Amino acid sequence: MTKAVFIATAEPYSGKSLVALGLVNMLLGQARKVGYFKPIIDYDPAVHPDPHIDTITQYFKLPLTYADTYAYTRPEALGLLEADAQGELIDAVIHKFKQWEDAYDFTVVEGSDFLGPGTAIEFDANVSIAKNLGVPVILVVSGEGKSTAQVVSSVLTLLRAFEAREVPVLLAVANRVAAEQAADVQALLRGQLPEDVLLAVIPEDPQLRHPTMREIHAGLGSKLLFGEAGLGNQVDNYVIGAMQVPNFLNYLKENVLIVTPADRGDIIVCALQANQSASYPRVAGIVLTAGAEPDEPIMRLLEGLPNVVPILTMPTGTFETATRVGAIKSRITPDNPKKIQLAISTFARHVEVHTLEEKLISFQPEGITPHMFQYRLLQWARRQRRHIVLPEGNDDRILRAAALLLHQDVVDLTILGNPADVAASAKRLGVQLPAGHVRVIDPVNSEYYADYVETFYQLRKDKGVNHDMARDLLRDVSYFGSMMVYKGHADGMVSGAVHTTQHTIRPALQFIKTKPGVSVVSSVFFMCLPDRVAVFGDCAVNPNPTAEQLAEIAISSAESSLAFGIEPRIAMLSYSSGTSGAGADVEKVRQATELVRQRRPDLKVEGPIQYDAAVDPLVGRQKLPGSEVAGQASVLIFPDLNTGNNTYKAVQRETGALAIGPVLQGLNKPVNDLSRGCTVDDVFNTVVITAIQSQLG
């Protein structure tokens, strides 16, 4: 069962709160613990609690700490978005959500309210949040003041915006639709929406739309003279009291608000009398305008009455006050349980609740975003703290990454190098390597050196290695670090910022060796593209693999993909798709594909296939209709190193993708290579990957 659902809109006052109330009520009938999370709130919680959060948590008595229910206030979020720091915002939202997600059986996530400037970038942020949380979406569009065509267009436009980012939509809600338009909206939308998207058309209900006297009091910023007990009265109509009393009485309707100048004592008394009379509608309240209070005799009369409707006073004129009253939008608040219950029953009446429940239960997210991937990596690495050796302590990038890893409490580290030199470099860089989880070792002066020399001699003497050669080789940090891994003094090694790939992996091949049943050590890059993570292999180790080796690389890459939470759909790449091409290169890929199918019938694999057919759904359907892989490949296997290395670098440079790797696969214990052009982030991520590999064994 998916753990969450996201309620999204693109406009203010869409009625999201009705959908949120209905959803939480529905889910509490199925799940024991339901959470509620609103990534971006409109109000500073130190000044004003968010009304949506208050209503949901208080009415359903959800045991949530207020600070856990949101990530940013709107000004904070817009500040980050305007500074082009959306990635920081997304990371913080994911972290906040994931911190307590597992404590709940299900969580309702509500998007922002679009109250104020910056709505364009705010909408993009909402789509990105939904995408990166990996949860399905319920879309809400308001039909208030819109024609039938405008309502239909709004729903379809919003749906396409989410579909374009590959965010799954479960339900589209056209809310507050005029009753006479509801049937047409239903028919037109059902004919144009995809079959798998549910539709709910909710007619406008005045009982939900109209404000209470408390909301009018707050919205106007007025002074309350009388009737505090009646602030919960709902206002369904309003009238300006600027006429003679007999005529005025003809304009009274049920739950009416009367706006009148304060010197109209006759209107005030008449309104109160009408409220007492069984012959006239109920009066919800009175707003007195022009800044004055009623004359003293009227005030004395009001003070002596046992029950008085709320009477507010405003400094502004009657017309301006009435205009402001008309602009006040009602919210569903915790002090109005009648309106909350009406919202819940409205949701249950107009939404196919049982079908929605089934969709939520059966929903399986497809793909994984870079933010989700990196968050998961850190969480997985911390599950079981591992010890990683970094042989290149003379490189500034290694030391900066080491400091980050230690401060984030991810791994234990051994850094190889002269301790005095490493300490001096750390001081120069202004980084701290906190004691307790890091050691700095000079290989030659290490307590392990003699033992490692003897071990290496015993392992390689049949290959012509003598003691002198062993002593020389164990001075090399790559050999010393690899021996630490072999002997169990470290769980994995990351090197290559200074050394070549061959220099890094040669010692591992000599004595750590490959896993049983694996003959080829290969590599993958985890390519963090804008909206998904793909696995590219082999882009670093094998120059021109045979069909047999290519099949083994594909299987190893699929296992790496699965181990890191990415469903493997393998594309065996070539310059032709299906049976359209011929030649030795294509035939090699075709043979490799068949070998994968024979050895691992459980894996989804397609080949030969071109890159565009592998990743573009439209091209994939055209070139290989019916394929489980075409258009949605997650593991891309290149036919040779020339193609793979150039492609990953082209994709990285042209799209701004983060490339994590190369991650070596097939060794008994994890040793990973860095590019000599690596960044601090590359080092950080590769160490995290290595720690996870060592957990997996």
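Student: What should I know about the numbering and the model before we start?
Tutor: This is a predicted model, where local features need pLDDT of at least 70, side-chain atom pairs count only at pLDDT 80 or more, and totals for chains, interfaces and linings use all residues. Residues are numbered from 1 along each chain as its sequence is written, and side-chain values use heavy atoms, with hydrogens and water left out.

Student: How many residues are in the largest nonpolar core?
Tutor: The largest nonpolar core has 90 residues. By nonpolar core I mean a set of buried Ala, Val, Leu, Ile, Met, Phe, Trp, Tyr and Cys residues joined through side-chain atoms within 4.5 Å. Buried is under 20% relative accessible area, exposed is over 50%, and partly exposed is in between (1.4 Å probe, protein chains only).

Student: Which residues have the most contacts inside that core?
Tutor: Those are Val19, Leu23, Leu89, Phe162, Leu189 and Leu356. Helix H1 (residues 16-28) gives the core its largest share, eight residues. Helices (H or I, at least four residues) and strands (E, at least two) are DSSP runs, numbered from the N terminus.

Student: And what does leucine 356 touch?
Tutor: Setting aside neighbours within four places in sequence, leucine 356 is in contact with Leu23, Met26, Ile138, Leu170, Leu171, Leu198, Phe347 and Val351. Contact means heavy atoms within 4.5 Å. There's also a second, separate core of 64 residues, and Leu377, Ala401, Ile555 and Leu595 are among its members.

Student: Switching to helices: at what angle do H16 and H28 pack?
Tutor: H16 (residues 370-383) and H28 (residues 680-696) pack at about 50°, with axes 9 Å apart. The axes are lines fitted to C-alpha atoms, for helices over the stretch in contact, and angles run from 0 to 180 degrees between N-to-C directions. H16 and H28 are therefore oblique to each other. For the cut-offs, under 35 degrees is roughly parallel, over 145 roughly antiparallel, 65 to 115 roughly perpendicular, and the rest oblique.

Student: Left-handed or right-handed crossing?
Tutor: The H16 and H28 crossing is left-handed. That term applies if the near helix is turned anticlockwise from the far one by less than a right angle, and right-handed applies if clockwise.

Student: Which residues meet there?
Tutor: From H16 you have Gln374, Leu377, Leu378, Trp380, Ala381 and Arg383, and they meet Phe684, Asn685, Val688, Ile689, Ala691, Ile692 and Gln695 in H28. By class, that contact has nine nonpolar, three polar and one charged residues. Here Ala, Val, Leu, Ile, Met, Phe, Trp, Tyr, Cys and Pro count as nonpolar, Asp, Glu, Lys and Arg as charged, and the others, Gly among them, as polar.

Student: What about H9 and H13, what's their angle?
Tutor: H9 (residues 213-220) and H13 (residues 318-327) pack at about 120°, with their axes 10 Å apart. That makes H9 and H13 oblique too, and H9 passes H13 in a right-handed crossing. Ile216, Gly219 and Leu220 in H9 meet Thr321, Arg324 and Val325 in H13.

Student: Now the backbone. Where are there cis peptide bonds?
Tutor: One runs from glycine 537 to aspartate 538, with omega near -15°. Aspartate 538 lies in the loop between strand E18 (533-537) and helix H23 (547-563). Another joins glycine 607 and proline 608, with omega about -5°, and proline 608 lies in strand E20 (residues 604-609).

Student: Which non-glycine residues have positive phi here?
Tutor: Lysine 61, at about 55°, is one of them. Lysine 61 sits in the loop between helix H2 (51-59) and strand E3 (70-73) and is exposed, at 70% relative accessibility. Aspartate 409 has a phi of about 60° and is partly exposed at 42%.

Student: Last one: is alanine 402 buried or exposed?
Tutor: Alanine 402 is buried, at 0% relative accessibility. Alanine 402 lies in helix H17 and touches Leu390, Leu413, Ile415 and Leu433, not counting residues up to four places away in sequence.
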